[in-house]
Amino acid sequence: MLEVNNLNIKLKAFKLSMHFDVNPETITAVIGPSGAGKSTLLDAISGFTDIESGTISWKQQQLNNLAPSQRPITIVFQDNNLFPHLNVYQNVALGLTTKISYQPKFNDQINEALLRVDLKEDVEKFPSQLSGGQKGRVALARALVRNKKLLLLDEPFAALGPALREEMLNLVKDISIKNKLTVLIVSHNPKELIGVCKDAIIVAENKASGPHDLANLLKKPPKSLKDYL
Amino acid sequence: MALLLFLTFGTLVIILLKSHNNFQFTSMDFKVIKFTLYQAFVSTLISSILGIFLARALIRQSFWGKSLLITILGAPFILPTVVAILGIISIFGRNGFLNNILEPLGFKTLSIYGLHGIIIANIFFNLPLVSRLILQGWQNIPTEQFRLAESLNFSRKNLFFLIELPMLKSRIPGIFAVVFLICISSFSIALTLGGGPKSTTIELAIYQAFRFDFDLGKAANLAIFQFIFCLLLTIIVLWKQKNEPFQVAYDRTIQRWDINKKSFIDWTIICVSSVFLMAPLLTVIIDGASAIQFLNIVILISLIKSIFVAVGSVVICLSITFFIGNVVASNHTSSKVKWFMEGTGYFVIATSPLVIGTGLFIFLYPLLDPTRFVLPITALVNAIMALPFSLRIILPNLQKINQDYSKLSESLGLKGLDKFFKLTVPRLRKEIGFAGGLIGAMSMGDLGIVTLFSSPDSGTLPLIIYRLMGSYQMEAAKAAALILLITCFTIFLLADRLGKSNARSE
C-alpha cells in the first residue's frame with residue numbers, strides 16, 4: 001500500500017495538503033480541476049518537490065529522503081518522456097542502464113518489452129518518426145523494463161484522440177495486471193477511467209484525499225468537484 | 001571557478017600589491033587616457049553611424065551577392081587582427097594602393113600610423129558588428145507591423161517614428177557601449193598602428209611599462225583605470241543587452257512598400273563598405289599567394305604552435321563554460337549563486353589580457369620561468385577571453401535542455417558524465433561546434449598575451465607576422481598572414497560543420 005500521511009507542500013503562493021492511501025495492484029484515478037495540483041501530487045510522490053512535513057511510504061518503507069531514481073517509481077510525463085536524439089531501443093535501454101556503452105545482456109529484456117507494447121518493428125526509429133500513441137508506448141516499454149512497482153502517469157495520453165486514448169488505457173490496464181503494478185493516473189476526463197479505475201483521489205481546494213469510489217463520485221459529485229465535472 | 005576569479009580579479013590585486021602604488025597619474029598617463037578615450041569615441045561614432053546606414057540599406061535592397069556580403073559581415077569575429085591590419089596597411093599605407101593613386105594627383109601622402117590608422121582599423125572591425133546587430137533588430141520586427149503600417153497608409157515619417165525608431169533606440173545604447181569597449185581594449189591595433197607619445201593607448205602603455213621599463217606602478221595605475229572604466233561599460237552592456245542567443249544573421253529582405261529602389265544613399269553605402277571591407281582581405285590573399293615562396297620553417301613551426309594554442313583554448317574554454325553552465329542551469333542552485341557564476345563569466349569582458357598577463361607573470365615568476373610556458377599561458381588566457389561568447393552561445397540552450405529533460409534524467413538516475421555524453425553533448429552539438437570554432441579561431445589569431453611573454457625565438461603565428469612586419473619583410477608577412485587566415489577559417493568551418501553534420505532526423 002502507498003500511504004501519504006499529512007504531507008504538506010508549499011511552492012511560492014501555492015499550498016497543498018495530502019492525506020490518502022492507494023490500494024496495491026490497482027489503478028487509481030487522480031481527479032480535480034485544472035491548477036488544483038494533480039501534477040504537483042505526482043511530483044511530490046516521485047521526489048521532484050521539496051516536502052515541508054509529512055511522510056510518503058510504500059510497503060512500510062519511507063520514501064521521503066530517497067532521490068527520484070532510488071524510489072520504486074516510474075513516472076511518465078505529459079511530454080518529454082523520450083530523448084529525441086536516441087532511438088526507440090536506446091530510449092527503452094535507459095530504463096536498465098545509464099551507461100554510455102551498448103550492453104547486449106539487456107537485449108532480450110528490451111525486445112520482450114517492445115513486443116508487449118507492439119513496437120517490435122520500430123526499434124530503430126527516432127521519436128520524431130513516431131506518432132503520439134507510439135511515443136506513449138515507448139515510455140510504457142521503459143516502465144516495463146524498469147520494473148518498479150509504482151507507475152505514475154501524468155496525463156500521458158492527453159494529446160491523443162479518444163479512440164487511441166482508450167486503446168492506451170487498456171494497454172496500461174493489461175500491463176498493470178500482468179506485472180502486478182500499482183498505478184496512479186492523472187486525467188482530465190474521469191468518465192473515461194470508469195472501466196479502468198475503481199478508486200479515485202480528489203485534488204481540490206488545496207487538499208488531496210482518498211481513496212474514494214470513482215463510480216460514486218461521478219454519480220454524486222461533492223461540491224468541490226461539481227463545477228469541474 | 002577559483003581559477004577564473006584569480007585570473008580576472010586576482011591578477012589585478014597582485015599588480016597592485018607588488019607595485020607599491022601611490023595612485024598618482026603623471027601627465028603622460030593622462031595623455032594616454034585622453035588619447036584612448038578619444039580614438040575609441042571617434043571610432044565608435046563613425047562605426048555606429050555607418051553601421052546603421054549599412055544595415056538599413058541591406059534590409060531595404062536586395063541584390064546579387066547580398067548573402068555573401070552578410071556572411072562577410074560576420075567574418076571579423078574570426079579574422080585575426082594582424083591579418084586585417086596587414087591588409088589595411090597595403091591599402092592605406094605609405095606605399096599602399098590608395099597613396100599610389102592619390103600621390104600623382106598631387107595629394108599629400110596619407111599616413112596609416114597613428115590616430116587615423118587606429119580609427120580606420122577600429123571601423124574595419126566594428127562596422128560589420130554594428131550593422132549585423134542592427135540588422136537583427138530590423139529582422140526581428142514582425143512583418144505584420146510593416147503590413148499594418150501599409151494598410152493604415154503610414155507616411156514614411158510615421159513608419160520611422162512608430163516602428164523603426166523604437167527598435168533603434170532600444171539597441172543603440174548597448175551596441176555603442178560594446179563597440180566603445182572593444183575600441184578601448186583593442187591592443188593589437190594599437191600595437192601595430194599606434195605607438196609614440198602621440199598615439200599610445202592604455203593597453204599599449206601597460207605593455208610598454210611592463211615589457212620595456214618594468215614599471216609596475218605605472219602599469220597598475222593604468223590597469224586599474226581601464227578595469228573600472230570597462231567594468232562600468234560592461235554593466236551598461238549587460239543591462240541593455242537583448243536576451244537573444246548569439247546568432248548567425250540571415251539574408252532576408254523585409255517586404256516593404258516605402259522603398260525607393262534607386263536610393264542613392266543605400267547603394268553608395270553598400271558599395272563603399274563592400275570595397276572597404278573586402279579590399280584589405282583580397283590584398284592579403286592575392287599578395288600572400290604570390291609570395292608563398294617566402295614561407296619558411298620558422299613560420300611553419302609557429303603555425304603548429306598556434307594550432308596547439310587554439311585547441312588548448314577550445315578545451316579549456318568549453319570546460320569552464322560547461323562547469324558554469326551546469327551550475328547555472330541546475331534547479332538545485334540558489335539564484336544568488338547563479339547570478340554570481342554567470343556574472344563572473346560575463347564580467348571577463350571588462351578585464352584585459354594584458355592586465356591578466358602582467359599579474360600572472362608577477363605571480364608565477366618566483367615559482368617558475370613564465371617565458372618557458374608561453375603556449376599554455378596563452379591558451380589559458382585566450383580561453384578566458386573567449387568565455388563570454390562561449391557562455392552566450394551555450395547557456396540558453398543548456399537551460400532549455402534542463403527545463404525539458406531534468407525530471408526525466410533524475411527519474412532515470414542519469415547523471416554526471418553519463419548524462420553529459422548521453423544528453424548534453426548530443427543535444428548541443430550545433431552550439432558546441434559553433435562555440436568551439438569561434439574560440440579556436442579567436443585564440444589562433446590572437447596577438448595579445450603572447451606578446452608579453454615570448455622570447456625572440458619563440459611565438460605563435462600572429463606574433464611572427466607582427467615581427468616580420470616590424471622588420472619590413474612584407475612579402476613573408478603576407479604569405480604567413482594568408483596561412484593564418486586560411487587556418488582560422490578552416491578551424492571555424494571545421495568545428496561548425498562537425499556540429500551540424502550527423503544531426504539525426506529529429
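Select B:Lys407 to begin: with a relative accessible area of 31%, B:Lys407 is partly exposed (buried means under 20% relative accessible area, exposed over 50%, partly exposed in between, with a 1.4 Å probe and protein chains only). A salt bridge here is a side-chain nitrogen of Lys or Arg within 4 Å of a carboxyl oxygen of Asp or Glu. A:Asp43 sits in helix H1 (residues 38-46) of chain A and B:Lys407 in helix H16 (residues 374-412) of chain B, so the pair joins two chains. Helices (H or I, at least four residues) and strands (E, at least two) are DSSP runs, numbered from the N terminus. A:Asp43 is buried, at 12% relative accessible area.

The model is a predicted one, in which local features need pLDDT of at least 70 and side-chain atom pairs count only at pLDDT 80 or more, while totals for chains, interfaces and linings use all residues. Residues are numbered from 1 along each chain as its sequence is written, chains are lettered from A and ligands numbered from 1 in the order in which they are written, and side-chain values use heavy atoms, with hydrogens and water left out.

Next, colour chain B by pLDDT, the predictor's confidence in each residue, from 0 to 100. The chain B average is 84, and 93% of the residues score at least 70. Confidence in chain B is lowest in helix H1 (residues 2-18), at a mean of 75, and highest in helix H18 (residues 429-444), at 93. Over residues 245-250 of chain B the pLDDT is below 50, and this stretch has 14 contacts in the model beyond near neighbours in sequence (contact means heavy atoms within 4.5 Å). Where pLDDT is low, the predicted coordinates should not be read in detail. For the complex, the predictor gives an ipTM of 0.84 and a pTM of 0.84.

Return to chain A and select A:Glu192 and A:Arg165, whose side chains meet in a salt bridge (2.8 Å, N to O). This pair links distant parts of the chain, 27 residues apart: A:Glu192 is in the loop between E8 and strand E9 (199-204), A:Arg165 in helix H5 (residues 162-178). A:Glu192 is partly exposed at 27% relative accessibility, whereas A:Arg165 is buried at 18%. Then pick A:Lys198 and A:Asp199, another salt bridge (3.7 Å, N to O). A:Lys198 is exposed at 58% relative accessibility, and A:Asp199 is buried at 7%. Include A:Asp213 to show the network of salt bridges that links A:Lys198, A:Asp199 and A:Asp213.

Now select strand E8 (residues 182-186) of chain A, where five of five residues are buried. A:Thr182, A:Leu184 and A:Val186 lie on one side of E8(A), with A:Val183 and A:Ile185 on the other. E8(A) pairs in the parallel sense with strand E3 (residues 27-31) of chain A over four bridges, and with strand E7 (residues 150-154) of chain A, also parallel, over five bridges. Two strands count as paired if DSSP finds at least two bridges between them.

A:Glu25 has a positive phi of about 55 degrees although it is not a glycine, and is exposed at 52% relative accessible area. B:Tyr472 also has a positive phi of about 55 degrees without being a glycine, and is exposed at 68%.
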